[in-house]
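Thanks for coming. I have one structure to go through today, and I will keep it short. Here is the model.

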Amino acid sequence: YGERVLYRIPVPKGDYKLRVHFAETFPPNKGPGLRKILVKAENIKHPEKIDPFKHAGGWAKPYVLELERVPAYDGVIDLEFNGSVAVNGVEIEKVK
(Lines give C-alpha, C1' and ligand atoms only; values in the text may rest on other atoms or scores of the structure.)
Protein backbone atom coordinates (compact mmCIF):
# COMPACT_ATOMS: atom_id res chain seq x y z
CA TYR A 1 0.00 0.00 0.00
CA GLY A 2 1.18 3.53 -0.73
CA GLU A 3 1.34 6.24 -3.38
CA ARG A 4 4.17 4.45 -5.22
CA VAL A 5 4.93 0.76 -4.89
CA LEU A 6 7.81 -1.00 -6.68
CA TYR A 7 8.50 -4.70 -6.99
CA ARG A 8 11.69 -6.23 -8.43
CA ILE A 9 11.01 -9.93 -8.85
CA PRO A 10 13.94 -12.17 -9.86
CA VAL A 11 13.05 -14.69 -12.57
CA PRO A 12 14.89 -16.68 -15.23
CA LYS A 13 15.33 -14.64 -18.42
CA GLY A 14 12.39 -14.85 -20.81
CA ASP A 15 8.81 -13.69 -21.43
CA TYR A 16 6.10 -13.86 -18.77
CA LYS A 17 2.37 -13.54 -18.35
CA LEU A 18 1.45 -11.51 -15.26
CA ARG A 19 -1.85 -11.45 -13.43
CA VAL A 20 -2.21 -8.56 -11.01
CA HIS A 21 -5.04 -8.90 -8.49
CA PHE A 22 -6.99 -5.90 -7.22
CA ALA A 23 -10.06 -5.37 -5.04
CA GLU A 24 -11.38 -2.19 -3.48
CA THR A 25 -11.61 -3.01 0.22
CA PHE A 26 -11.01 0.37 1.87
CA PRO A 27 -14.36 1.01 3.64
CA PRO A 28 -14.73 4.71 2.66
CA ASN A 29 -14.24 3.86 -1.05
CA LYS A 30 -17.74 2.63 -1.87
CA GLY A 31 -17.91 4.00 -5.42
CA PRO A 32 -15.97 4.31 -8.66
CA GLY A 33 -13.28 6.93 -9.24
CA LEU A 34 -11.93 7.02 -5.69
CA ARG A 35 -8.78 4.99 -6.46
CA LYS A 36 -6.96 5.03 -9.80
CA ILE A 37 -3.74 3.07 -10.17
CA LEU A 38 -1.16 3.49 -12.93
CA VAL A 39 0.52 0.16 -13.74
CA LYS A 40 3.92 -0.29 -15.41
CA ALA A 41 5.63 -3.62 -16.09
CA GLU A 42 9.21 -3.55 -17.36
CA ASN A 43 8.78 0.19 -17.98
CA ILE A 44 5.78 -0.43 -20.27
CA LYS A 45 2.79 1.58 -19.07
CA HIS A 46 -0.64 -0.08 -19.14
CA PRO A 47 -2.81 2.20 -21.30
CA GLU A 48 -5.57 2.61 -18.71
CA LYS A 49 -5.46 3.50 -15.01
CA ILE A 50 -7.02 0.75 -12.92
CA ASP A 51 -10.03 1.68 -10.79
CA PRO A 52 -10.59 -1.51 -8.75
CA PHE A 53 -14.19 -0.64 -7.83
CA LYS A 54 -15.16 0.20 -11.43
CA HIS A 55 -13.29 -2.66 -13.10
CA ALA A 56 -14.61 -5.28 -10.65
CA GLY A 57 -18.15 -3.95 -10.62
CA GLY A 58 -18.38 -3.15 -6.93
CA TRP A 59 -16.82 -3.06 -3.49
CA ALA A 60 -14.75 -6.05 -2.27
CA LYS A 61 -15.03 -7.79 -5.64
CA PRO A 62 -11.93 -9.11 -7.41
CA TYR A 63 -10.47 -7.74 -10.61
CA VAL A 64 -7.50 -9.37 -12.36
CA LEU A 65 -5.38 -7.40 -14.82
CA GLU A 66 -3.64 -9.75 -17.28
CA LEU A 67 -0.42 -8.59 -18.91
CA GLU A 68 0.72 -10.79 -21.79
CA ARG A 69 4.34 -11.38 -22.82
CA VAL A 70 6.18 -9.17 -20.36
CA PRO A 71 9.90 -9.39 -21.23
CA ALA A 72 12.39 -10.04 -18.43
CA TYR A 73 15.64 -10.16 -20.37
CA ASP A 74 17.73 -9.01 -17.41
CA GLY A 75 16.37 -11.72 -15.09
CA VAL A 76 14.14 -9.33 -13.14
CA ILE A 77 10.51 -8.28 -13.59
CA ASP A 78 10.10 -4.66 -12.58
CA LEU A 79 6.56 -3.71 -11.55
CA GLU A 80 5.61 -0.15 -10.64
CA PHE A 81 2.27 1.07 -9.30
CA ASN A 82 1.40 4.74 -8.73
CA GLY A 83 -1.63 6.45 -7.21
CA SER A 84 -3.16 5.26 -3.95
CA VAL A 85 -1.92 1.72 -4.59
CA ALA A 86 -3.52 -1.41 -3.18
CA VAL A 87 -2.42 -4.66 -4.83
CA ASN A 88 -3.84 -7.95 -3.57
CA GLY A 89 -1.54 -10.32 -5.41
CA VAL A 90 0.70 -10.96 -8.41
CA GLU A 91 0.91 -14.21 -10.39
CA ILE A 92 3.83 -14.82 -12.72
CA GLU A 93 3.82 -17.51 -15.41
CA LYS A 94 6.65 -18.14 -17.88
CA VAL A 95 5.45 -18.05 -21.48
CA LYS A 96 6.51 -21.11 -23.47
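Predicted model: local features only at pLDDT ≥ 70, side-chain atom pairs only at ≥ 80, totals over all residues.

First, the secondary structure. The protein chain has seven strands and one helix. The order along the sequence is β-β-β-β-α-β-β-β. As for overall dimensions, the radius of gyration comes out at 14 Å, close to the 12 Å that the globule rule gives for 96 residues, so the chain is as compact as a globular protein of that length. The C-alpha trace spans about 40 × 25 × 20 Å along its principal axes.

Next, burial and surface. Of the 96 residues, 44% count as buried. The protein chain exposes about 5600 Å², and 54% of that area is supplied by carbon and sulfur atoms.

On charges, there are 16 positive and 13 negative ones in the protein chain. Their mean positions lie 2 Å apart.

For contacts, take the pairs of residues at least 6 apart in sequence. In this chain, 79% of those contacts join residues at least 24 apart.

Now the sheet. What is the strand order in the open sheet of four strands? The order is β1-β6-β3-β4, and the pairing is antiparallel. The edge strands are β1, residues 2-10, and β4, residues 44-45. Each of those two pairs on one side only.

Look at the β4 end of the sheet. Strand β3 covers residues 38-41 and runs antiparallel to β4, with two bridges joining them. Within this part of the sheet, K40 stands opposite K45, and K45 belongs to β4.

Is V85 buried or exposed? V85 has a relative accessible area of 2%, and the cut-off for buried is under 20%, so V85 counts as buried.

Which residues does V85 touch, leaving aside its neighbours within four places in sequence? The contacts of V85 are Y1, G2, E3, V5, R35 and I37. Two of these, G2 and V5, fall within the 2-10 range of edge strand β1.

For a distance in the other direction, take V70. V70 and V85 are 15 residues apart in sequence, and their C-alpha atoms are 21 Å apart in space.

That is the end of my part.

Terms used: Residues numbered from 1 in each chain as written. Heavy atoms only, no water. Rg over C-alpha atoms; globule rule 2.2 N^0.38 Å. Buried < 20%, exposed > 50% of the residue type's maximum accessible area, 1.4 Å probe, protein only. Contact = heavy atoms within 4.5 Å. Areas by Shrake-Rupley, 256 points an atom, 1.4 Å probe, with all protein chains shown as cover. Lys, Arg positive; Asp, Glu negative; His and termini not counted. Charge placed at Lys NZ, Arg CZ, Asp CG, Glu CD. Pairing = 2+ DSSP bridges.
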